[in-house]
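Q: Before we examine this structure, could you show me how to read its side-chain contacts?

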Amino acid sequence: MVFDVADGQLRAAERALSQGTYDLVSYVYTATDRLQHPFWSLHEPELYGDWQPPAQIKDQDYVEEAYRRADDALGRVLAAMPDDTLVFVVSDHGVDPHDGRMEEGEAGHRSDGIWIAAGPGVTANPERLEMRVIDVMPTALRCAGAPVAEDFDGVAVAGVCPASSEPE
């Protein structure tokens, strides 16, 4: 069911992108999150001690499949965009098998996620930048050249945006 929903969301995003011009497109792939929490124990069973999953799913790796499909979805969405599109790939958190209900085989959250930027003005940067979840929206607004509200709890992280988007 989770993959069916993800496939429907992907088709909707591709349809929206095929409609023509747009200023902003947001596409959210939720299957990785929806499946890593309950099924991380199938991905790394050695972390869960004596816990055993139900027999009918024991040999499945839904986490690996979710990430394989996420990679495919990202490729399809990128293929539907013009080459000069500014793109961000962002997660709201990572996974931590020790921050969940391990006795039930469920993984939890870790605070580290990812932010990947590509497109006009974005150059490769080997430096790791720190960003909190509350910094994502102010940073995205800054990169898009939009004003950032002063009452945001987060801040726009310098060095993420293309040089042409940085405020003066």
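Predicted model: local features only at pLDDT ≥ 70, side-chain atom pairs only at ≥ 80, totals over all residues.

Q: How is a pair of aromatic rings described?

A: The description rests on the distance of the ring centres and the angle of the planes. Here the count comes to two aromatic pairs. In one of them, the ring centres of F39 and Y62 lie 4.7 Å apart with their planes at 50°, so this pair is tilted. F39 belongs to helix α2 and Y62 to helix α3, 23 residues apart.

Q: Which aromatic pair does F88 form, and how is it arranged?

A: F88 pairs with W115 in a tilted arrangement, at 4.8 Å centre to centre and 45° between the planes. Because F88 lies in strand β1 and W115 in strand β4, the pair ties together parts that are 27 residues apart in sequence. W115 counts as buried, at 19% relative accessibility, whereas F88 is partly exposed, at 26%.

Q: Which charged end sits over the ring of F3?

A: That of R69, at 3.9 Å from the ring centre.

Q: How far apart in helix α3 are R68 and E65?

A: They are three residues apart, so about one helical turn separates them. Salt bridges that share partners join D7, E65, R68 and R69 into one network. Within it, the R68 and E65 side chains meet at 2.6 Å, N to O.

Note on methods
Residues numbered from 1 in each chain as written. Heavy atoms only, no water. Phe/Tyr/Trp six-rings, centres within 6.5 Å; stacked < 30°, edge-to-face > 60°. Helix = DSSP H or I, 4+ residues; strand = E, 2+ residues; numbered from the N terminus. Buried < 20%, exposed > 50% of the residue type's maximum accessible area, 1.4 Å probe, protein only. Lys NZ or Arg CZ within 6 Å of the ring centre and 35° of its normal. Salt bridge = Lys/Arg side-chain N within 4 Å of Asp/Glu carboxyl O.
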